[in-house]
Amino acid sequence: MHTGGFAKWTRRFEDERERRRAQGDPDWGQSAALHPAVWASIQRFQVGEDGDGANLVGKADQAGDADYAQAVRLFIAEEQNHARLLARLLAAGGIPTLTGHWSDTVFVRLRRLMGLRMELLVLMIAEVVALRYYRALRDGTDDSLTADVAGRILSDEQRHVPFHCKRLHASLAELPRAMRRPVMVLWRLLLLAVSLVVAADHGPALRRLDIGRLRFVVDVMASSHEVVSAVLLPRPDAWTSAG
């Protein structure tokens, strides 16, 4: 299928890669001091950011758009950089990384069930949840190193969501018109379920970051309205997120 427009996304990812190189890493010489509940939460998110992305790359290659496939590779590189940043942050606090977590295992298995459309729909759930989480991590702590790392990751995630919206818009356009909105309704229901699980699992950390479980879920679901509109409407790049 012809998706079009992904050459500019490749350039955006490449430009961002060069900007990161020029900016350099956070000051890892700083120590990081956080409540144990927040450290435990970061450990779980670090596992979720890690991975080689081989399954997504394979499906992107099969889509037949070389620009999109290249943009996906650059997206995965950014996700891997997030895992590296979080691992270094954990190390700054003397906290080990985890080898795995059940939540990441569930997400990976769901993403691999079907084709690219299903993979992206599940991936988008993780991205939308991550937007609210990293904003809370950036704004809810007095630790400067943690705020720096969270802010960098949040900036990337705010670009990732419209990138995936654009591809999902093209993918849903292949379905009969009557099916498109119900697909996104089901997506929002799954997002709600995941948000509730995350809020329960990370509740102690969220409280330390000055956002309760309920507020976290409400904020995630509120942001999903824009995502659904971006996927269904002809101009998914119009999606924006408050930082």
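Helices (H or I, at least four residues) and strands (E, at least two) are taken here as DSSP runs and numbered from the N terminus. On that basis the chain has 10 helices and zero strands, and the order of elements from the N terminus is α-α-α-α-α-α-α-α-α-α. The model is predicted: local features need pLDDT of at least 70, side-chain atom pairs count only at pLDDT 80 or more, and totals for chains, interfaces and linings use all residues. Residues are numbered from 1 along each chain as its sequence is written, and side-chain values use heavy atoms, with hydrogens and water left out.

Some totals for the chain come before the details. Of its 243 residues, 50% count as buried, where buried means under 20% relative accessible area, exposed means over 50%, and partly exposed lies in between (1.4 Å probe, protein chains only). The chain exposes about 11,300 Å², and carbon and sulfur atoms supply 55% of that area. Accessible areas come from the Shrake-Rupley method with a 1.4 Å probe, and for residues only the protein chains shown count as cover. Contact means heavy atoms within 4.5 Å. Among contacts in the chain with a separation of 6 or more, 82% are accounted for by residues 24 or more positions apart.

Next comes the packing of the helices. Axes are lines fitted to C-alpha atoms, for helices over the stretch in contact, and angles run from 0 to 180 degrees between N-to-C directions. The axes of α6 and α7 come within 8 Å and cross at roughly 155 degrees. Angles under 35 degrees count as roughly parallel, over 145 as roughly antiparallel, 65 to 115 as roughly perpendicular and the rest as oblique. Helices α6 and α7 are therefore roughly antiparallel to each other. Their crossing is left-handed, a term used if the near helix is turned anticlockwise from the far one by less than a right angle, with right-handed used if clockwise. The contact of α6 with α7 consists of 17 nonpolar, six polar and six charged residues. In this scheme Ala, Val, Leu, Ile, Met, Phe, Trp, Tyr, Cys and Pro count as nonpolar, Asp, Glu, Lys and Arg as charged, and the others, Gly among them, as polar.

Helix α7 (residues 144–172) also packs against helix α10 (residues 213–232), at an angle of about 45 degrees and with the axes 7 Å apart. That angle makes α7 oblique to α10. The crossing of these two helices is right-handed. On the α7 side the contact is made by V161, C165, L168, H169 and L172, and on the α10 side by V227, A230, V231 and L232. By class, the residues in this contact of α7 with α10 are eight nonpolar, one polar and no charged.

Helix α4 (residues 66–92) packs with helix α6 (residues 116–139) at an angle of about 40 degrees, their axes being 14 Å apart. The crossing of α4 and α6 is left-handed. Helix α4 contributes Y68, F75, E79 and L86 to the contact, and α6 contributes L116, L120, L123, E127 and Y134. The contact of α4 with α6 has seven nonpolar, no polar and two charged residues.

W28 lies in the loop between α1 (6–23) and α2 (36–49) and is buried, with a relative accessible area of 17%. Neighbours within four places in sequence aside, W28 is in contact with L85, R88, L89, L145 and V149. W28 and L85 are 57 residues apart along the chain, and their C-alpha atoms are separated by 9.8 Å.

G51 sits in the loop between α2 and α3 (54–62). This glycine is partly exposed, with a relative accessible area of 36%. Its C-alpha atom is separated by 9.8 Å from that of A77, 26 residues apart along the chain.

A199 belongs to helix α8 (residues 177–201) and is buried, with a relative accessible area of 3%. Not counting residues up to four places away in sequence, A199 touches L206, R213, F216 and V217. A199 and R215 are 16 residues apart in sequence and 9.3 Å apart in space, C-alpha to C-alpha.

The last residue concerns backbone geometry. Most residues other than glycine have a negative phi. D210 has a positive phi of about 65 degrees although it is not a glycine. D210 is placed in the loop between α9 (203–208) and α10, and is exposed, with a relative accessible area of 68%.
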